[in-house]
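These are my notebook entries on a single protein chain, kept in the order in which I looked things up.

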Amino acid sequence: MNRSRTVRFSGAAAAPAFLTLALLSGAAGAQNLGAYGALAQSLDAAAQSSGQNAVATLNALDRAGAALDRLVPTLNNPTVVTGLRDTLDAARAAQARTPAELQAQLLLARGLMRRSLYDQTVTVLAVSPANAADRLRVLAREFGLDAAGTQALQTDARAGQVSRVAWRLQREGAARLSSALGSVTPTRSAASYLALARATSWFTVVQDAGRAAQPPLETAQFNTALTQLTSGDLNALGTSLAGLRRSAASLRGALVSPPSATGAPAGQTPAAQTPTEQTPAGQAAAPSATGTPAAQTPTAQTPVTGTPAATAGSGGLATAYAGLGRALTAAGHGDPEAARAALADVGPALAGAPAALRGAPGFDSYLGDVQTIGSRAGLRPDDVQALIAGLGALERRADGQGTSLLDRWSLGTSQWLGGAVRALLGLLLALACAAPLYLLQLAFGGRNPYWRAISAALALLLLPTFLDGVFGFLGWLGDLTGLGLLRGASNLTLSQAPYGLGLHGLLVALALGLATYGFRGLCVQFGLLGGGRTKVQTPVAAPTSLDWDEEV
């Protein structure tokens with residue numbers, strides 16, 4: 001991040017053009033949702049690998065181009081098509097410059113995609129609500145709605161409440177716009193550049209409702225802030241950011257009430273009286289999908305009870321925890337690729353965390369831990385659990401509370417005892433499990449049933465270590481080489497998923513039963529229990545082989 005202070009963000013020049021394209025985006029037709037999902041996934045993969053693996057980034061951009069080719073026939077607005085193609089070309093060019101520049105271009109492309117799908121979905125809802133269910137599910141995921149929000153969105157759609165559907169989506173877009181603005185600092189850094197690009201991307205969705213704010217949000221404000229950041233005019237940037245945050249907070253407050261049955265927000269906010277067209281920065285605005293003023297489908301989330309930065313911080317922390325939860329689920333199902341993708345969202349989300357958390361001791365090192373663990377092959381659930389514990393410790397430090405020494409140890413241990421080290425060490429332990437079983441058999445033979453029971457008990461106790469070592473190594477090897485068949489081998493370990501806990505308990509219970517039976521039988525033979533020593537009848541041994549209990 002330090003080098004970003006001296007890097008030139010030449011891609012910022014594309015931001016005003018992007019906003020112009022976004023303002024001109026229209027709506028019609030039905031998009032290819034499969035191609036949309038493939039494009040979104042490829043763009044996210046390119047952003048994740050930027051600055052780490054140039055080949056993987058270029059491959060992801062190639063997949064994005066192929067997905068866009070499939071999506072283009074279902075995009076009836078040539079301006080959006082041109083914007084997406086130009087942004088992908090700019091991303092390829094940015095690959096040769098800085099990771100931040102590349103990621104900013106990808107964020108702008110995601111904003112164009114999101115706005116286009118939003119417009120076309122609202123159009124379909126107005127004509128045929130029954131045909132918009134799949135699009136609504138995609139939009140709910142794109143806008144980050146939870147289960148309750150998704151259900152409310154679908155309920156309004158089935159009831160034909162198009163304005164309420166648009167309101168719910170724009171409400172979330174306005175919240176994310178505020179969150180992104182809250183994490184921008186007046187410094188010439190990659191983090192600020194990306195946060196401002198993210199805010200610009202979300203403004204694409206709420207631009208028509210932006211005039212509900214006082215003062216209104218305008219395209220020119222974002223253009224100016226991006227120019228000031230890239231040119232290093234930090235004093236002017238601070239003033240611009242303050243104005244953007246005030247407008248964003250005003251927007252969320254003005255659009256807090258849902259629209260009425262007629263489409264006008266309760267309380268007759270200024271958004272209800274907004275004309276259909278606007279011309280920020282000398283450009284024509286995009287008409288809304290339904291042909292009605294876009295302000296009749298306003299956005300709001302909750303009344304703003306604090307500063308925009310505070311609201312954004314809470315959202316950033318919640319998003320980080322959500323990403324860690326998704327990573328834990330994926331790792332527990334033997335899908336390290338999805339787990340790494342989820343962890344890639346944690347760092348950017350924490351950029352919008354509360355200032356107290358970002359200033360807590362160890363915050364920068366924690367971000368380094370997230371990046372290190374998130375980039376390793378063979379990611380396991382306990383790696384993610386250590387990151388969750390580490391974030392909880394950061395929260396307690398930010399609140400002035402003490403932290404657990406075990407949490408610090410677990411994160412530190414996961415740093416060095418993971419990935420290849422864990423896989424190879426586990427394999428060595430698995431192979432070593434055969435040694436005590438062989439020596440036990442060699443020393444005491446296999447004719448005495450009590451010794452056989454004790455050997456079986458030891459084998460059952462060592463079985464979890466054997467399975468974890470062998471299949472954990474195979475899973476790491478599959479993830480390292482990209483072999484899907486081996487990547488899921490870690491699912492066969494008992495430490496990978498909750499079902500292993502019950503199976504491990506069953507193995508321990510069987511081992512205890514067999515060990516108890518074996519040792520009790522030996523005690524009876526030695527006269528320590530029961531009515532004296534009982535001789536066990538065994539076949540006559542070879543002259544060179546005697547059982548230990550017979551010699552005693």
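Entry 1, terms and source. I call a residue buried when its relative accessible area is under 20%, exposed when it is over 50%, and partly exposed in between, using a 1.4 Å probe and protein chains only. The model is a predicted one, in which local features need pLDDT of at least 70 and side-chain atom pairs count only at pLDDT 80 or more, while totals for chains, interfaces and linings use all residues. Residues are numbered from 1 along each chain as its sequence is written, and side-chain values use heavy atoms, with hydrogens and water left out.

I looked up the secondary structure and found 24 helices and 0 strands, where helices (H or I, at least four residues) and strands (E, at least two) are DSSP runs numbered from the N terminus. Of the 552 residues, 49% count as buried. Taking a contact as heavy atoms within 4.5 Å, I noted that, among contacts with a separation of 6 or more, 73% come from residues 24 or more positions apart. The accessible surface, computed by the Shrake-Rupley method with a 1.4 Å probe and with only the protein chains shown counting as cover for residues, comes to about 24,000 Å², and carbon and sulfur atoms hold 61% of that surface.

I counted 14 salt bridges, each being a side-chain nitrogen of Lys or Arg within 4 Å of a carboxyl oxygen of Asp or Glu. Glu142 pairs with Arg110, with 2.8 Å between the closest N and O atoms; this pair links distant parts of the chain, since Glu142 lies in helix 6 (residues 133-142) and Arg110 in helix 5 (residues 99-127), 32 residues apart. Glu142 has 11% relative accessibility and counts as buried, and Arg110, at 10%, also counts as buried. Asp44, Arg110 and Glu142 are linked in a network of salt bridges.

I then turned to Asp134 and Arg137, whose closest N and O atoms are 2.0 Å apart in a salt bridge. Both residues lie in helix 6, 3 residues apart, which is about one turn of the helix. Asp134 is partly exposed at 43%, and Arg137 is partly exposed with a relative accessible area of 43%.

The side chains of Arg422 and Asp382 form another salt bridge, at 2.6 Å from N to O. Here too distant parts of the chain are linked, with Arg422 in helix 19 (residues 420-432) and Asp382 in helix 17 (residues 381-398), 40 residues apart. I recorded Asp382 as partly exposed, its relative accessible area being 34%.

Arg168 sits in helix 8 (residues 162-182) and counts as buried at 13% relative accessibility. Leaving aside neighbours within four places in sequence, I found Arg168 in contact with Ala152, Leu153 and Asp156.
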